[in-house]
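Thanks for making time this morning.

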Amino acid sequence: MSVAFAPVELPRPSGGVLLLREATLGDAHAFAALVAGDLDHLGEHLPWAAGAATPEGAAAFLGRYLRREGGRVLVLLLLDGDVVVGGTALLGHDPAADAVEVGCWIATDYEGEGLVRRACLATIAHARRALGAHRLVWTAAAGNARSAALARRLGFRPEGRRRHAAVHRGRRQDLDGFSLIGDEIDAALAG
């Protein structure tokens, strides 16, 4: 089950409005510009960032979502005019378990405005409505305090740490897991 994501406008506290909408392959250059321009920040915890810093790499990244490869369901971009400044994704979809993972990223210059939180809430609402999600998963590198804090602000509950669960930049890293299930999702969306 899947339905299109209806674009959402997100006002900035500092003025202006950002748009959260589905990505297309036509966004590859703008997406690559975001990643390349903020690679130190985005690449610190996101293993896909280095590969998406060129238009070709960005097109490959976006294409995997557009083709729904490997449980990837949706990639949304957060735009300030024509400039991509962040995004969210639904990945690891398991229809039999009604489970999906939520991911997100934001440019350094847009941090601290609550934009990612609101973009994640719109993405979570879509997962609940369009996919019938009963279980939402959030994964954060153990050193990514901002991601863990956002998960908690969204209502996700800690599930534990998977030790040496991934390799990033040639180093093994632990991953912290969080989840929202059933009525917790509805409470997060209502709160």
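In this predicted model, helix α1, residues 28-37, packs with α3 at an angle of about 110°, and their axes are 8 Å apart. Helices here are DSSP runs of H or I with at least four residues, strands are runs of E with at least two, and both are numbered from the N terminus. The axes are lines fitted to C-alpha atoms, for helices over the stretch in contact, and angles run from 0 to 180 degrees between N-to-C directions. The angle therefore makes α1 roughly perpendicular to α3, a label that covers 65 to 115 degrees, whereas under 35 counts as roughly parallel, over 145 as roughly antiparallel and the rest as oblique.

Which residues in α1 and α3 meet? From α1 they are A28, H29, F31 and A32, and from α3 they are P55, A58, A59, F61 and L62, where contact means heavy atoms within 4.5 Å. This contact is made up of 8 nonpolar residues, 1 polar and no charged; Ala, Val, Leu, Ile, Met, Phe, Trp, Tyr, Cys and Pro count as nonpolar, Asp, Glu, Lys and Arg as charged, and the others, Gly among them, as polar.

A word on conventions: residues are numbered from 1 along each chain as its sequence is written, and side-chain values use heavy atoms, with hydrogens and water left out. Local features need pLDDT of at least 70 and side-chain atom pairs count only at pLDDT 80 or more, while totals for chains, interfaces and linings use all residues.

Turning to the sheet, we have an open one of 8 strands in the order β1-β2-β3-β4-β5-β6-β8-β7, with mixed pairing, and two strands pair if DSSP finds at least two bridges between them. Because β1 (8-11) and β7 (157-168) stand at the edges, each with a single partner strand, one side of each is left without a neighbour in the sheet. The twist averages 25° from one strand to the next.

Strands β6 (residues 135-141) and β8 (residues 171-181) run antiparallel and are joined by 7 bridges, and T139 has G177 in β8 as its bridge partner.

Coming back to the helices, α3 lies across β3 and β4 (83-94), running at about 130° to β3. Helix α4, residues 115-131, lies across β1, β2 (17-22), β3, β4, β5 (99-106) and β6, and runs at about 35° to β4.
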